[in-house]
Amino acid sequence: MHINDIIPAHELAEAMADKLIRAQYHDELPLVILNYTNKAQINRIWNRATMNARGLIYNAATGQVVARPFRKFFNHNEEPKAKRRWSEDEMVVINDKLDGSLGILYPTGDGDYAIATRGSFTSDHALHATKVLKEKYADRFMPRDGYTYLFEIIYPDNRIVVDYGDTDALVLIGVVGIESGLTFSPTGEIFGQHWRWPGPIVETAPYKRFRDALAAPPRPNREGLVVHFLDSDERVKIKQEDYIRLHKIVTGLDEKAVWEHMRQGKTLGALLEQLPDELHEWARTVWDELEYDFFCHDHVVESVYDATFAAELIQDRKTFALAIKDKPSWLKAALFKMLDGRDYADVIWKNLEPRGEAR
């Protein structure tokens, strides 16, 4: 399989020129790994190039693909409708969503293998996973030719939210055919036997329909579920609400943090760059609400000022003060700043400061 068969050359060149895909070259081998960038994720630019560049590895000299991970897949209700190819009526395989880092098995030559993460051959997680592969599994594991093995990298220093204790392992979460692109999800211990994997395998949930996964009760110390639609060969993540809430706590994110970011004049893109994708939709919603509230407050200031001006009540500060004496404190402060020709944005932002988690 040539890289151009997955991402046509002109599409890859354009995506890289637009900084939607980043390439990292291996330090010793003629290998390149492609990963979509924060720019693609923040701006929701999902096309053939960006959706396939999720840890795709190929030989820089020949163009031959040596590792082909899952295509980009989305959290439930975040997938662009135009990209949805699955149906809720399909039969499914549902696996536990593990809270680690994606590990991608790739050949290094002479029958040896290593693990990359989604965009790096040399990240701390990739180097640790390769070490675990060689120390725990290499003497008992010979992968099937023509397939890419995908793992969740779990170890104490890689804890995000879920506590896996002292577990230090590579957990098999799926396999992808390099030529066909067909994907395979674990369905039990027999899956590991078929694919010759001697290590742990992700847990399979007992649900057979998408609606059952949506209705599944939350499980303690878990992230969520991954639904694999068998007919369309697509996947969707379902994150537990308590996981998302804990993730916000771990990252120090709440509505006040978003408000402070906006008050300082920073962009939404800069905020989203700091967040995992499961918090993007929440952050966008809070941002949009605050932005709309600011617009409404600003409109009130301008409207009241224009009405006061039309009534010729701004000749002096005393007359002006009497005219607006019954207005809310924040509005009076903003109007006086407007009268003096000063910026009043911070007055509005202070009035919009979230007092708690809920708005």
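**Entry 1. Pockets**

I took a pocket to be an open set of points on a 1 Å grid over the protein atoms alone, with protein on both sides within 12 Å along at least five of seven lines; lining residues have an atom within 4 Å of a point. Grid points are joined across faces, edges and corners, and a volume is the space filled by probe spheres set on the points.

The model is predicted: local features need pLDDT of at least 70, side-chain atom pairs count only at pLDDT 80 or more, and totals for chains, interfaces and linings use all residues. Residues are numbered from 1 along each chain as its sequence is written, and side-chain values use heavy atoms, with hydrogens and water left out.

I looked up the largest pocket and found a volume of about 980 Å³. Its lining has 40 residues, of which K97, G100, S101, L102 and R118 are the closest to the centre. Elements here are DSSP runs numbered from the N terminus: helices (H or I, at least four residues) and strands (E, at least two). Those that give two or more residues to this lining include β6 (92–97), β7 (101–109), β13 (234–239) and α8 (241–250).

I recorded the second largest pocket at about 360 Å³. It is lined by 16 residues, and E78, K239, E241, I244 and E278 are the closest to its centre. β13, α8 and α11 (280–310) each give two or more residues to this lining, with α8 giving the most, four residues. By class, I noted three nonpolar (Ala, Val, Leu, Ile, Met, Phe, Trp, Tyr, Cys and Pro), four polar (the others, Gly among them) and nine charged residues (Asp, Glu, Lys and Arg).

**Entry 2. Strand β13**

I then listed the partners of β13; strands pair if DSSP finds at least two bridges between them. β5 (residues 74–75) pairs with β13 in the parallel sense over two bridges, and F74 stands opposite V236. β12 (residues 224–229) runs antiparallel to β13 and is joined to it by six bridges, with H228 opposite R235. Four residues lie between the strands of this hairpin, where D233 has a positive phi near 60°.

**Entry 3. Helix α11**

E312 follows α11 with a positive phi, near 55°.

Note on methods:
1 Å grid on protein atoms, 1.4 Å probe; cavity = no way out; pocket = protein on both sides within 12 Å on 5 of 7 lines; lining within 4 Å.
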